[in-house]
Amino acid sequence: MQTKLFGLTLKSPIIIGSGPLTYGAEGMIRLHNAGAGAVVTKTIRMAAAVNANPHMLLSGRDSLINCEKWADFPAAQWIEREIPQAKKAGVTVIASIGMSAGEVSELCAPIASAGADIIEVVSYDHNDIPDMVRAARAKTKLPILAKLPPLACDVVKLAGDCLAAGADGITGFDSFGQVLRIEVTTGRPLLGGVKGAGWLSGAAIKPLVLYKISELRKAYSCPIIGLGGVTSAEDALEMLMAGASVVGMCSAVILRGPEMLSPLLKQMAQLMEKYNYSSLEELCGLSLSYLDAKENVGKLSFTYNEHNCTNCRRCVVVCPYQARELSQDKVMRLNQDKCRYCGLCGSVCAVKALTYRRI
Ligand SMILES: Cc1cc2nc3c(=O)[nH]c(=O)nc-3n(C[C@H](O)[C@H](O)[C@H](O)COP(=O)(O)O)c2cc1C
């Protein structure tokens with residue numbers, strides 16, 4: 001499933017976001033061989049990071065919190081060894097540089113000379129990012145991505161400032177934070193960093209990322225990497241429909257391994273065929289025309305298929321208005337006077353025995 005990004009041909013539309021999987025050439029080559037279209041290096045700074053431990057933690061089923069810093073290889077090693085080796089193996093390398101304009105100024109040209117295809121700038125402080133873009137633009141003709149944080153600022157305005165400063169595209173988004181988890185046996189934070197704080201990523205952040213990507217796409221036509229919460233082929237299509245040009249993934253690939261990429265790409269192709277979508281370009285921003293000021297105030301029309309029903313009764317349990325009834329022998333009833341047509345009963349039905357359409 002080839003696609004293009006800044007004129008480069010990528011073997012797939014899945015880009016692996018900066019993180020532990022892209023710690024060095026070895027990790028990046030593994031991702032490339034597993035089907036990634038491009039990989040973003042772990043964020044490179046002049047000096048190597050020393051991480052607090054533990055610095056990664058499962059939180060919920062498909063989400064992570066982490067307080068991992070930038071790369072634990074120094075910049076010189078990335079320039080002399082990691083990027084050239086990954087390039088030699090055919091990897092499309094997006095070099096992530098942080099976390100200040102001064103560091104970008106120093107590192108951008110040597111990293112570009114080492115063979116990076118695209119530069120991405122990222123910072124803990126979103127106010128720094130436009131200046132970092134300017135610093136990169138002064139040093140390279142390579143395409144520049146500005147990676148944005150999802151919260152703490154008006155991302156549409158920040159993206160505009162970055163594009164005006166010379167960015168060619170936007171990566172949306174970094175992980176969300178800061179967040180906290182606590183060990184109940186001791187009361188201590190589960191992560192080992194400053195204040196026990198971390199950053200949230202994975203499935204938990206997907207709906208917020210989708211909304212913000214749609215806002216960015218309404219405002220700008222530049223390439224957008226939609227990164228945050230994608231764990232499945234359906235998620236990838238959602239991300240494209242919200243307005244992403246290509247799909248970023250980090251946490252799900254950490255949790256399931258790079259081997260998940262090949263079946264995910266196959267499923268994406270199957271879903272596109274099933275629903276008659278002819279190309280990735282057709283999917284990009286497909287939902288935007290529905291995201292207008294009109295509300296759907298009509299009722300819902302429910303369909304119940306007793307053959308699919310396992311009588312788990314989840315639809316009954318979740319109805320806040322006690323409008324659903326389901327007998328032992330699978331006779332489903334809806335009290336129309338009580339029902340507010342919220343849709344929750346249909347949305348919790350895992351086997352699609354209870355479905356609805358808008359009327
Ligand atoms: C353990 C971990 C380390 C990360 N390190 C970096 C980093 O060094 N630089 C960066 O720009 N983003 C980093 N990220 C953020 C990811 O690139 C990505 O923006 C975020 O996780 C959202 O995508 P996801 O929900 O698919 O994981 C890291 C994420 C995780 C989980």
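Predicted model: local features only at pLDDT ≥ 70, side-chain atom pairs only at ≥ 80, totals over all residues.
In which strand is Gln178 found? Gln178 is found in strand E11, which covers residues 176-179.

Met99 is found in the loop between strand E7 (93-97) and helix H3 (101-113).

Let me stay with the backbone for a moment. Phe6 is not a glycine, although its phi is positive, about 50 degrees. Phe6 sits in the loop between strand E1 (3-5) and strand E2 (8-10), and with a relative accessible area of 24% it is partly exposed. Lys330, also not a glycine, has a positive phi of about 60 degrees. The loop that holds Lys330 runs between strand E16 (324-326) and E17, and Lys330 counts as partly exposed at 24% relative accessibility.

I turn now to the ligand. The ligand is surrounded by 25 residues, and the closest are Ser18, Lys42, Thr43, Gly229 and Ser251. Ser251 contributes through its side chain, where an N or O atom lies 2.6 Å from an oxygen atom of the ligand. Backbone atoms take part as well: a polar backbone atom of Phe173 is 2.8 Å from a ligand oxygen, and a polar backbone atom of Cys250 is 3.0 Å from a ligand oxygen. How much of the ligand's 610 Å² does the protein bury? Taken alone, the ligand exposes 610 Å², and the protein buries 97% of that.

The largest nonpolar core has 78 residues, and within it Met249 and Met268 touch the most other members. Helix H7 (residues 233-242) supplies the largest share of this core, with seven residues. Apart from this core lies another, of 11 residues, including Ile15, Ile118, Leu227 and Val246. Returning to Met268, and leaving aside residues up to four places away in sequence, its contacts are Met1, Pro13, Ile14, Ala233, Ala236, Leu237, Leu240 and Leu280.

Why is H7 described as largely enclosed by the rest of the structure? Eight of its 10 residues are buried, and therefore the helix is largely enclosed. Those buried residues are Ala233, Asp235, Ala236, Leu237, Met239, Leu240, Met241 and Ala242. They pack against helix H6 (206-219), strand E13 (224-227), strand E14 (246-249), helix H9 (261-274) and helix H10 (280-283). Gly243 follows H7 and has a positive phi, near 135 degrees.

My last topic is the aromatic residues. The structure holds three aromatic pairs. In one of them, the ring centres of Phe73 and Trp78 are 6.3 Å apart and the planes stand at 55 degrees, so this pair is tilted. Trp78 is buried, with a relative accessible area of 0%. In another, Phe302 and Tyr341 have ring centres 6.3 Å apart and planes at 25 degrees, so this pair is stacked. Phe302 lies in strand E15 (residues 300-304), and Tyr341 in the loop between strand E17 (332-334) and helix H12 (344-347), so the pair ties together parts that are 39 residues apart in sequence. Tyr341 is buried, at a relative accessible area of 15%. Finally, ring pairs link Phe302, Tyr341 and Tyr356 into a cluster.

How values were computed: Residues numbered from 1 in each chain as written. Heavy atoms only, no water. Core = buried A, V, L, I, M, F, W, Y, C linked by side-chain atoms within 4.5 Å. Buried < 20%, exposed > 50% of the residue type's maximum accessible area, 1.4 Å probe, protein only. Helix = DSSP H or I, 4+ residues; strand = E, 2+ residues; numbered from the N terminus. Contact = heavy atoms within 4.5 Å. Near = heavy atom within 4 Å. Polar contact = N/O pair within 3.5 Å; in protein donor to acceptor, adjacent residues only side chain to side chain. Areas by Shrake-Rupley, 256 points an atom, 1.4 Å probe, with all protein chains shown as cover. Phe/Tyr/Trp six-rings, centres within 6.5 Å; stacked < 30°, edge-to-face > 60°.
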